[in-house]
Amino acid sequence: MPELPEVETVRRGLVPVMEGETILRAQVNRPDLRWPLPDRMAERLTGRRVLALRRRSKYVLAELDSGETLIVHLGMSGRMLVSGQQLGQFRHEHPAPQAHDHVVLDLSGGARVTFNDPRRFGAMDLWPSDRLDTHWLLAGIGPEPFGNAFYEDYLVQRLRGRNTPIKAALLDQKVVAGLGNIYVCEALHRAGVSPVRKAGRLSARRAGALVPVIRATLADAIEAGGSSLRDYRQADGELGYFQHTFRVYGREGCPCVTAECGGTVRRIVQSGRSTFYCARCQR
């Protein structure tokens, strides 16, 4: 499942070809993805100008001049592919239609944005822009990790008294938005915090210190273009490369990269998910 860095990478790839452009034609090829698509979706998108592209947690938000916002969730295998525009050093011509091209947007600048999703675990919806926080996918989501509302004292307070492992606490989208399994593992290793330690037993100093570490981990991943696991691609079809710098994720049995640690990366299962960590330097 793409996490915040992958979704932010997709958003940045879409900005040059979507922001300020008009959707000349919207083609919706099926009535549903993970859930039913909105009524008259093609009609409501056609002729609308994209005012801004934003991200909330793991969702891409395309604000339209109709007063609605298109909410996009990539799911497990969803891809937003751009063709007909110069991206970097390459021009991606419009490809032949594929079996899993579920939504196709032709834009006034000549670009085509195609949502392709073989497993159909992705989602799209249209919602009033002035009431986005009431949408059931977005309601109750915690602060963005790069926002001012996510700071040391806030996290200390949210973790205080929690009897769940710190990894589970950070995966809670009500605590902080957008974090997933990969980057929680990576951030905890950078911070030297064991993923099995109870969140409420972290000292205020160590809990607060997680904030800059989380930000740095996500920023590095975004800078590298997002990770490429399974079906993830950037908007221009290129792979991300952060996975080549993973410290622990997917590295079971490998030496810990922490200087002078000498430990070995372990894998355990927490709440049905793989957790990778070094028991020697993460306490």
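## A nonpolar cavity

Sorted by class, the residues lining the largest cavity come out as nine nonpolar, no polar and no charged. In this predicted model, the lining is made up of Leu14, Met18, Leu53, Val60, Ala62, Leu70, Val72, Met80 and Leu105. Two or more of the lining residues come from each of helix 1, strand 3 (59-64) and strand 4 (68-73).

If you are thinking about volumes, here are the values: the structure holds one cavity of 30 Å³ or more, and the largest cavity has a volume of about 40 Å³.

Several strands take part: strand 1 (23-28), strand 5 (79-83), strand 8 (101-107) and strand 9 (112-116) each give the lining at least two residues.

## Helix 1 against helix 6

Now for the helices. Two packed helices are described by the angle between their axes and the distance between the axes. For helix 1 (residues 4-18) and helix 6 (residues 204-223), the axes come within 9 Å and cross at roughly 40 degrees. That angle makes helix 1 oblique to helix 6, since angles under 35 degrees would count as roughly parallel. The crossing of helix 1 and helix 6 is right-handed.

On the helix 1 side, the contact involves Leu4, Pro5, Glu8, Thr9 and Arg12, which meet Leu218, Ala221 and Ile222 of helix 6. By class, the residues of this contact between helix 1 and helix 6 are five nonpolar, one polar and two charged.

## Helix 3 against helix 6

Helix 6 has another partner to look at. Helix 3 (residues 152-159) packs with helix 6 at an angle of about 125 degrees, and their axes are 8 Å apart. Helix 3 and helix 6 are therefore oblique to each other. The crossing of helix 3 and helix 6 is right-handed.

Which residues in helix 3 and helix 6 meet? Helix 3 brings Glu152, Leu155, Val156 and Leu159, while helix 6 brings Ala204, Ala207, Gly208, Leu210, Val211 and Pro212. The contact of helix 3 with helix 6 divides into eight nonpolar residues, one polar and one charged.

Terms used: Residues are numbered from 1 along each chain as its sequence is written. This is a predicted model: local features need pLDDT of at least 70, side-chain atom pairs count only at pLDDT 80 or more; totals for chains, interfaces and linings use all residues. Side-chain values use heavy atoms; hydrogens and water are left out. Axes are lines fitted to C-alpha atoms, for helices over the stretch in contact, and angles run from 0 to 180 degrees between N-to-C directions. Helices (H or I, at least four residues) and strands (E, at least two) are DSSP runs, numbered from the N terminus. Angles under 35 degrees count as roughly parallel, over 145 as roughly antiparallel, 65 to 115 as roughly perpendicular and the rest as oblique. A crossing is left-handed if the near helix is turned anticlockwise from the far one by less than a right angle, and right-handed if clockwise. Contact means heavy atoms within 4.5 Å. Ala, Val, Leu, Ile, Met, Phe, Trp, Tyr, Cys and Pro count as nonpolar, Asp, Glu, Lys and Arg as charged, and the others, Gly among them, as polar. On a 1 Å grid over the protein atoms alone, a cavity is a set of points where a 1.4 Å probe fits but cannot get out, and a pocket is an open set with protein on both sides within 12 Å along at least five of seven lines; lining residues have an atom within 4 Å of a point. Grid points are joined across faces, edges and corners, and a volume is the space filled by probe spheres set on the points.
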